[in-house]
Amino acid sequence: MAHLLGAAKVHLEYPNRVVFEAISLGLEDGDRIGIVGRNGDGKSTLLRLLSGSLDPMGGRVTRRGGVTVGVLDQQDLLDHGSTVGHAIVGDRPAHEWASDSRVRDIIAGLAGDLDWEARIGSLSGGQRRRVQLAALLVGDWDVLMLDEPTNHLDVQGIAWLAEHLNRRYASGRGALVTVTHDRWFLDAVCTGTWEVHGGSVEPFEGGYAAYILQRVERDRQAAAIEAKRQNLMRKELAWLRRGAPARTSKPKFRIEAATQLIENEPPPRDNIALAQIAATRLGKDVVDLLDAGVSFGETRVLHDVTWRIAPGERTGILGRNGAGKSTLLGLISGAVRPTEGRVKRGSTVHVASLSQELDELSEHEHEPVRTVIGRLRTSYKADGKEFTPGQLLERLGFRTGELSTPIRDLSGGQRRRLQLLLILLDEPNLLILDEPTNDLDTDMLAAMEDVLDSWGGCLIVVSHDRYLIERVTDQQYAVLDGSLRHLPGGIDEYLRLVGDASTGEKRSREPQAVAAPDVGPTLSGRERRDAEKELASLERRVERLRSQASGARDGLADLDQSDYEGIAQEMTRITDLEAEAEQLEERWLELSERLG
């Protein structure tokens with residue numbers, strides 16, 4: 001693979017801290033790198049160093065001659081007086097960019113719902129972000145550097161972006177480096193991970209899941225080494241007391257397979273125990289939405305919504321921006337009154353909402369964290385144990401010294417975590433989370449999920465973070481065309497539904513020629529027999545592929561876990577088997593529908 005750019009002993013420091021000590025790393029053709037680490041450790045700074053927008057104090061950043069680098073910055077760099085169209089394609093003639101299928105796909109994926117002639121200054125922050133991303137992607141770059149590209153994208157938009165990036169470059173060509181807290185996106189796009197911590201950058205093979213497994217093993221080995229060092233003198237004394245042994249064998253340590261590190265771990269949640277706790281705290285009645293609807297003036301946002309929320313229910317809500325998700329949350333919490341139907345709440349329901357704003361903290365700006373949490377409760381019960389508020393803060397990633405920090409000096413992520421703690425200490429039994437991942441890095445998201453796993457009550461989550469939704473909820477609903485639809489197939493089913501709807505909407509806008517005659521799906525006798533034969537064959541082939549994929553996954557534990565290349569090849573084979581099975585299943589469904 002050809003070298004594209006790199007850093008050689010790069011050093012950077014600010015007056016109060018060293019950001020990078022002396023890092024050296026390289027980016028090759030075909031690399032797809034995700035950068036992870038705690039907020040403030042230097043992820044975005046690393047991106048700026050590599051892109052050339054920030055000069056190091058020591059060392060150097062090198063770039064192969066002729067290599068072009070496209071950068072998505074977190075700052076809004078668009079000309080607010082320009083139009084959407086001009087911001088994306090510039091002065092290129094319409095016939096030129098419209099004939100480019102890649103440009104058309106980018107516009108449809110990111111700006112298809114925007115007025116082409118609208119002024120940038122009239123757009124919302126999220127809309128401007130999508131325009132900025134589209135303007136970058138229509139260009140030709142050898143290296144793409146994306147800083148939080150999933151911000152302001154919904155689940156469908158994130159899935160589109162992952163698909164675009166995966167097919168943007170030919171195999172082994174071009175490079176991608178991205179900073180993001182979206183763990184599903186990291187797994188979908190990246191083949192390597194750089195962890196920024198303690199002034200250094202540590203590389204890992206694979207996406208987010210592989211990175212976590214390797215980090216667990218790294219931490220396990222470090223803990224074992226530290227324990228061994230601390231016990232060295234004690235062991236030596238015991239050895240001397242026993243006298244020199246005549247025959248001993250050295251202890252043998254082997255690295256367990258990565259999957260064995262977690263195979264004996266219980267599920268993240270004990271759903272039965274949590275449901276029992278919830279039923280005790282809530283009784284049988286929680287919140288019932290009965291044929292409920294909401295209209296604002298002439299605009300009907302929700303209609304015919306019937307949903308009986310059960311004790312202990314953990315539900316994720318999906319939908320496009322503006323679909324009515326926040327209105328639905330308002331119906332549940334009581335902040336919005338229905339204009340149709342009715343909402344019935346149990347007498348013991350205590351609702352709390354983690355909103356996108358941080359209003360709960362505004363009146364405490366000058367007080368230290370310790371004082372604010374000390375007013376509420378002296379203890380909190382989770383996992384059958386009693387925790388002090390300070391201990392719970394530690395579970396949420398706060399250090400002991402930060403308890404004395406005034407609220408005004410906390411970072412966005414710290415304020416978000418403190419906001420969640422204040423809500424939990426108030427002991428609600430119905431918790432609503434509206435985009436809770438804002439300002440949180442991957443480690444803090446994992447810490448928040450850990451706390452939520454032991455929380456006994458109803459949980460309703462609205463988020464574009466697919467990983468979070470699938471991690472902390474047990475079922476999903478979608479707000480589609482003003483109604484609420486259950487998704488037995490989860491987020492994949494939602495993406496299929498909105499994809500089908502988008503395709504139909506696009507076709508309806510296209511100029512129509514003479515209408516084709518209405519031809520029904522009637523099959524001749526021979527066609528029916530052929531279809532039935534193919535259907536039976538497909539069932540056998542799908543079953544065989546699924547069995548092969550399952551057996552291969554079970555066999556991963558027997559592989560040498562240090563052979564990352566071998567594991568990656570085996571995972572590629574498994575993915576190919578599963579992808580082929582899914583394609584055959586789609587054909588099976590198509591035939592089943594034709595056969596009735």
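What share of the contacts between residues at least 6 apart in sequence join residues at least 24 apart? In this protein that share is 70%, where contact means heavy atoms within 4.5 Å.

Some ground rules. The model is predicted, so local features need pLDDT of at least 70 and side-chain atom pairs count only at pLDDT 80 or more, while totals for chains, interfaces and linings use all residues. Residues are numbered from 1 along each chain as its sequence is written, and side-chain values use heavy atoms, with hydrogens and water left out.

The protein has 20 helices and 20 strands, taken as DSSP runs of H or I with at least four residues, or E with at least two, numbered from the N terminus. Of its 596 residues, 44% are buried, meaning under 20% relative accessible area with a 1.4 Å probe, protein chains only.

Now the sheet. Six strands make an open, mixed sheet, ordered E14-E17-E18-E12-E19-E20; two strands pair if DSSP finds at least two bridges between them. E14 (351–354) and E20 (483–486) are at the edges with a single partner strand each, so one side of each has no neighbour in the sheet. E12 (314–318) and E19 (475–480) pair in the parallel sense over 4 bridges, and Leu-318 has Ala-478 in E19 as its bridge partner.

Last, the largest nonpolar core: 45 residues, that is, buried Ala, Val, Leu, Ile, Met, Phe, Trp, Tyr and Cys joined through side-chain atoms within 4.5 Å. Leu-418, Leu-431 and Tyr-494 have the most contacts inside it. Helix H15 (412–425) gives the most to this core, 7 residues.

Note on methods. Buried < 20%, exposed > 50% of the residue type's maximum accessible area, 1.4 Å probe, protein only.
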